[in-house]
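Reader: Could you walk me through some of the charged pairs here, and then one of the helices?

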Amino acid sequence: MTDGTLPNNGWTPRPHQMALWQYLQAGGKRAMAVWHRRAGKDDVCLHHCAVKAIERPASYWYCAPEYAQARKAIWTAVNPHSGKRRIDEAFPHEIRSSTNESEMFLRLVNGSTIQCIGSDQYSSTVGASTAGIVFSEYALANPSAWAYYRPILEENNGWAIFITTPRGRNHAHAMFKHAQQTPNWFSELLTVDQTGMLTPAQLDETMKEMVDLYGADAGRASFRQELYCDWTASVLGAFYALEMAQVREEGRVLEVEALPDQYVHRAWDLGVTDDNVVIWFKLQGAQLIILDVYVASGVGLDSHMVAIEQRERDYGWLRGHDYVPHDAKVKEWGSGRTRVETMQQLGLHPLMVPWATLEDGRNAVRRTLPLCVFHPRCEDKLIAALELYHREWDDETKAFRASHVHDWTSHPADAFRYLSLAWRHAPLREVKVEQPRGFMIPPPAEPRGGLRL
C-alpha cells in the first residue's frame with residue numbers, strides 16, 4: 001500500500017454505495033443490498049472484508065452461489081477500469097503473508113484468513129468457523145447455506161452481507177422483506193434510475209440488445225429484472241415460470257395443514273454425495289397440499305428417519321407411501337441392499353414412481369402445479385427451487401438448451417417431478433378399525449394404478 005491504510009489505493013464508495021458502506025464500517029451486523037447489475041456490490045463488500053479482516057483477526061468467507069462461480073466472478077475477475085484482479089485491489093500483497101491460488105485462500109499478516117467458497121458446497125466447511133460472510137448473488141445461492149452458517153456467526157458475534165439482483169420472488173425476496181421489517185438490519189433496493197449509472201441512450205441500447213437476444217417478452221423481463229430490480233420478472237429459461245407466477249398471484253402459499261386421519265405421503269429424490277430431498281404432500285379434495293420439504297447432503301437414509309419421525313410427532317401425520325425413482329432398486333456398495341430394501345427395514349413404505357421421460361415428467365409438473373397449495377415451510381427450499389430451476393444458456397447459439405442447469409435447485413425440482421408422476425395414485429384416507437392388543441397396524445394398502453416395487 002502506498003499510504004499504509006485501507007481501503008487500498010484510496011478507494012472510496014460512490015455516492016449510491018455510501019449508505020451501505022457507512023453502515024458496515026460502523027459495525028452493522030446484517031445487511032441486504034438489492035442493487036441493479038453493475039452497481040458495484042462486490043467492490044463494496046471486498047473492500048469491507050479487507051478492512052474488517054485487519055481490524056479483527058479471524059476467518060472470513062466470500063460465498064458465491066457455486067464454487068466454480070466464485071473463481072470466475074470473484075477470484076480471477078479483473079476490473080476493466082484498472083486492469084487488476086478485484087481480489088488484489090481489495091487485498092494488496094503487502095497485507096498478505098501467503099496466497100493459495102488453487103483453494104482461493106488468503107492469509108493476512110495479522111493471521112486473518114479470507115477464502116472464496118460456494119453455497120453449493122457449504123457442507124464442506126463443517127467444523128470451520130468464521131466472523132464474517134458475504135453472500136454474493138444471494139438470489140441464486142442455496143438457502144440452506146445461510147441456515148447452516150447463521151449459528152456460527154451468532155456464536156462469534158460476526159456479520160453477514162447479502163447482495164443480489166432479483167431472481168423472482170424466492171428466498172432472496174423473503175430475506176429482503178425480513179430485512180425491511182427487522183430492527184438493526186440494513187436494507188436497500190437501488191434501480192438504475194436511482195444510481196444514475198446509465199444514460200437514457202445506454203438504457204435504450206441495453207433494452208434493444210436484450211429484446212434481440214431473448215425475444216420481446218423475455219428480453220423486457222430480463223431488462224426489468226437486471227436494471228430495475230423487478231421481483232416479479234420471471235427467471236430467464238425457467239421451466240415453470242408461468243405456473244409458479246400463478247401460485248404467487250393466486251395466493252396459494254398458505255398456512256394449511258393436513259386433515260386428521262389421512263395419510264401424508266412423501267416423494268423422494270435419492271442421493272448420497274448430492275442432496276437428498278423429501279417432500280411431504282397430501283391430496284385433499286381437488287387440491288394437492290404440499291406440506292413440507294427436507295434437504296440433506298452426504299447422509300444415509302437412516303438419518304432421514306429423524307426428520308420423518310419428528311414431523312409425525314409434531315403434526316400428527318399418518319405415515320403414507322414413499323414414492324421413489326427407479327434407481328432406488330440399484331444395490332449400494334457395501335451393504336449389498338437396494339435403497340428400497342433399506343427403506344422397508346426402516347419402516348417406510350416405498351413404491352416406484354411410473355417411468356417417464358424427463359420432458360414427460362416436467363409436463364406432469366406443469367399439470368400438477370395449478371392444483372397445488374404450498375405451506376410456507378416450503379418457501380426457501382422448494383418454492384424457490386421451482387421458481388429458479390432453469391435451462392442452460394448456450395453462448396454460441398444464443399439459445400437455451402433443453403438441458404437444465406445442475407445446481408441446488410435440481411434435486412428439489414426432481415423430487416417434485418416424481419411427486420407429480422405419482423400423486424394420482426395416493427390413497428386418500430385411513431380406515432380405522434379396532435385392533436386387538438399387540439396387533440401391528442399394517443402399512444397403507446398399495447394404491448390402485450399399478451405402482452410396483
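Author: A salt bridge is taken here as a side-chain nitrogen of Lys or Arg within 4 Å of a carboxyl oxygen of Asp or Glu. This is a predicted model, in which local features need pLDDT of at least 70 and side-chain atom pairs count only at pLDDT 80 or more, while totals for chains, interfaces and linings use all residues. Residues are numbered from 1 along each chain as its sequence is written, and side-chain values use heavy atoms, with hydrogens and water left out.

Reader: How many salt bridges does a search of the whole structure find?

Author: The search comes up with 24 salt bridges. One of them joins Arg362 to Glu359, with the closest N and O atoms 3.9 Å apart.

Reader: Where do Arg362 and Glu359 lie?

Author: Both belong to helix H13 (residues 358-368), where they are three residues apart, about one turn of the helix; helices are DSSP runs of H or I with at least four residues, strands are runs of E with at least two, and both are numbered from the N terminus.

Reader: Is Arg362 buried or exposed?

Author: Arg362 counts as buried because its relative accessibility is 2%, whereas Glu359, at 37%, counts as partly exposed. Buried means under 20% relative accessible area, exposed over 50%, and partly exposed in between, using a 1.4 Å probe and protein chains only.

Reader: What about Glu226 and Arg167 as a pair?

Author: Their side chains meet in a salt bridge of 3.0 Å, N to O. Because Glu226 lies in helix H9 (residues 216-228) and Arg167 in the loop between S7 and H6, the pair ties together parts that are 59 residues apart in sequence. Glu226 counts as buried at 10% relative accessibility, and Arg167 counts as buried at 11%.

Reader: Changing topic to H6, which of its residues are buried?

Author: In helix H6 (residues 171-181), the buried residues are His171, Ala172, His173, Met175, Phe176 and Ala179.

Reader: What do the buried residues of H6 pack against?

Author: They pack against strands S1 (30-35), S7 (159-164) and S8 (185-190), and also against helices H5 (144-156) and H14 (379-388), where contact means heavy atoms within 4.5 Å.

Reader: And which residue caps the N-terminal end of H6?

Author: Asn170 does, with a side-chain oxygen 3.1 Å from the backbone nitrogen of Ala172.

Technical notes
A polar contact is a pair of N or O atoms within 3.5 Å; within protein, one must be able to donate a hydrogen and the other to accept it, and residues adjacent in sequence count only if both atoms are side-chain atoms.
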